[in-house]
Amino acid sequence: MNDTNTLYQQAVQLLQQLISIPSFSKEEDRTADLIANFLQMHGITPNRKLNNLWAWNKHFDAAKPTILLNSHHDTVKPNSGYTRDPFDGMVEDGKLYGLGSNDAGGCLVSLIAVFLYFYDKTDLKYNFCLATTAEEEISGVNGLELIIPDLGELNFGIVGEPTLMQLAVAERGLMVLDCVAHGKAGHAAREEGDNAIYKAMKDIEWFRNFKFPKESDVFGPIKMSVTIINAGSQHNVVPATCNFVVDVRVTDAYRNEEVLEIIRQHVSCDVNPRSIRLKPSSIDRDHPIVQAGIALGRTTYGSPTTSDQSLLDIQSIKVGPGDSARSHSADEFVYVDEIREGIELYVKMLEQIVN
């Protein structure tokens, strides 16, 4: 299992097979079957819960820390701009085409190859836990989040998403807030009522101008944007309520719960988050895995897009072959050389830590 060239060839073949099977979010059962069969062919019996699979290295030692290797096998649906079969998985001019090839098939098969590379090695300083998961594209509750309790204690994670193998050392979290300002209805022609729109305007102005005391070294300040407003029923009635929505991009300087508490202290409207699950994430720049990547010529940056990294409570780095700009695009592709480079770089980074 330790020949990276053989692992690369197997990874490309596996990705072609994955592309040939539609695996839209919540419909990943057949790609989960394929991955399970692939692992079993290599002597590994994975655990499974719904469409999520996980396994540990052969010589797992509970006394050692564990590294999570995670990527997803669900895809979005193909957009209308496709000029070729999104499920063909053909290689032309060094490009492997197909839905999910770039996001995140190249990352997934590369991390599976890396897991195989380390699987039966002895005397490693770390264990490995491979998790191939579902529902990432919809931030679903039956993906990585479902199996985190089953994975045991994890030291840090590598989340495979297309980053051109550069090091995303932080990722913004997301909270969507449904806000309601309350007034009192009345006739617009008389001095009646308490206009909820005017109350909402004060809070909206606060959302527009407030600066949180702490700023992220990577992202700078938290960004809050009011994106939807609804109020009133007819021209001559003072509205009793005004509803508005706020998009909050939380940085690694805060936890979602802290941001929510600060907001509620400053506004008079009701504030109800749709979810606080999508947390900001980061990893220390001096962490050994980051330093290993930097030593190999990789650069660090903060990722503007969310991923399953937001569901982890451990330090994690987002890195993988492919380019985020190709994700969800028509005629999506990943260069096969990116997969080769991905496997080799993952292995070189990890060898600096685990040996």
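The model is predicted, so side-chain atom pairs are included here only at pLDDT 80 or more.

**Helix α1**

- Helix α1 covers residues 4-19, and its 16 residues should span 22 Å at 1.5 Å a residue; the C-alpha atoms at its ends are 22 Å apart, so expectation and model agree.
- The buried residues of α1 are L7, Y8, A11, V12, L14, L15, L18 and I19.
- As background, an α-helix has 3.6 residues a turn, so residues three or four places apart point the same way.
- The packing partners of the buried residues of α1 are α2 (29-41), β5 (95-97), α3 (101-119), β18 (333-335) and α8 (336-354).

**Helix α8**

- Helix α8 has 19 residues and reaches 27 Å from its first C-alpha to its last, close to the 27 Å expected at 1.5 Å a residue.
- Buried residues in α8 are V336, E338, I339, G342, I343, L345, Y346, V347, M349, L350, I353 and V354.
- Helix α8 is also among the elements that the buried residues of α1 pack against.

**The largest cavity**

- The largest cavity holds about 130 Å³ of space.
- Its lining is made by 19 residues, of which L18, S23, H73, T75 and G100 are the closest to the centre.
- The elements that give two or more residues to this lining are α1 and α3.
- Helix α3 gives the most to the lining, with five residues.
- L18, one of the residues closest to the cavity centre, is also one of the buried residues of α1.

**S303, in strand β16**

- S303 sits in strand β16 (residues 300-303) and is buried, with a relative accessible area of 2%.
- Its side chain makes polar contacts with the side chain of T305 at 3.2 Å and with the side chain of K318 at 2.8 Å.
- Not counting residues up to four places away in sequence, S303 touches A168, A170, E171, R172, F219 and K318.

**N127, in strand β6**

- N127 belongs to strand β6 (residues 127-133), and its relative accessible area is 0%, so it counts as buried.
- The side chain of N127 reaches the backbone oxygen of D61 at 2.8 Å, and a polar contact of 3.3 Å joins the side chains of N127 and T66.
- Beyond its neighbours within four places in sequence, N127 is in contact with N57, H59, F60, D61, K64, P65, T66 and I67.

**L144, in helix α4**

- L144 lies in helix α4 (residues 144-147) and is buried, with a relative accessible area of 0%.
- L144 and N51 are 93 residues apart along the chain, yet their C-alpha atoms are separated by 9.9 Å.
- Setting aside neighbours within four places in sequence, the contacts of L144 are N52, N70, T133, A134, L151, D308, L311 and L312.

Terms used
Residues are numbered from 1 along each chain as its sequence is written. This is a predicted model: local features need pLDDT of at least 70, side-chain atom pairs count only at pLDDT 80 or more; totals for chains, interfaces and linings use all residues. Side-chain values use heavy atoms; hydrogens and water are left out. Helices (H or I, at least four residues) and strands (E, at least two) are DSSP runs, numbered from the N terminus. Buried means under 20% relative accessible area, exposed over 50%, partly exposed in between (1.4 Å probe, protein chains only). A polar contact is a pair of N or O atoms within 3.5 Å; within protein, one must be able to donate a hydrogen and the other to accept it, and residues adjacent in sequence count only if both atoms are side-chain atoms. Contact means heavy atoms within 4.5 Å. The expected span of a helix is 1.5 Å times one less than its number of residues. On a 1 Å grid over the protein atoms alone, a cavity is a set of points where a 1.4 Å probe fits but cannot get out, and a pocket is an open set with protein on both sides within 12 Å along at least five of seven lines; lining residues have an atom within 4 Å of a point. Grid points are joined across faces, edges and corners, and a volume is the space filled by probe spheres set on the points.
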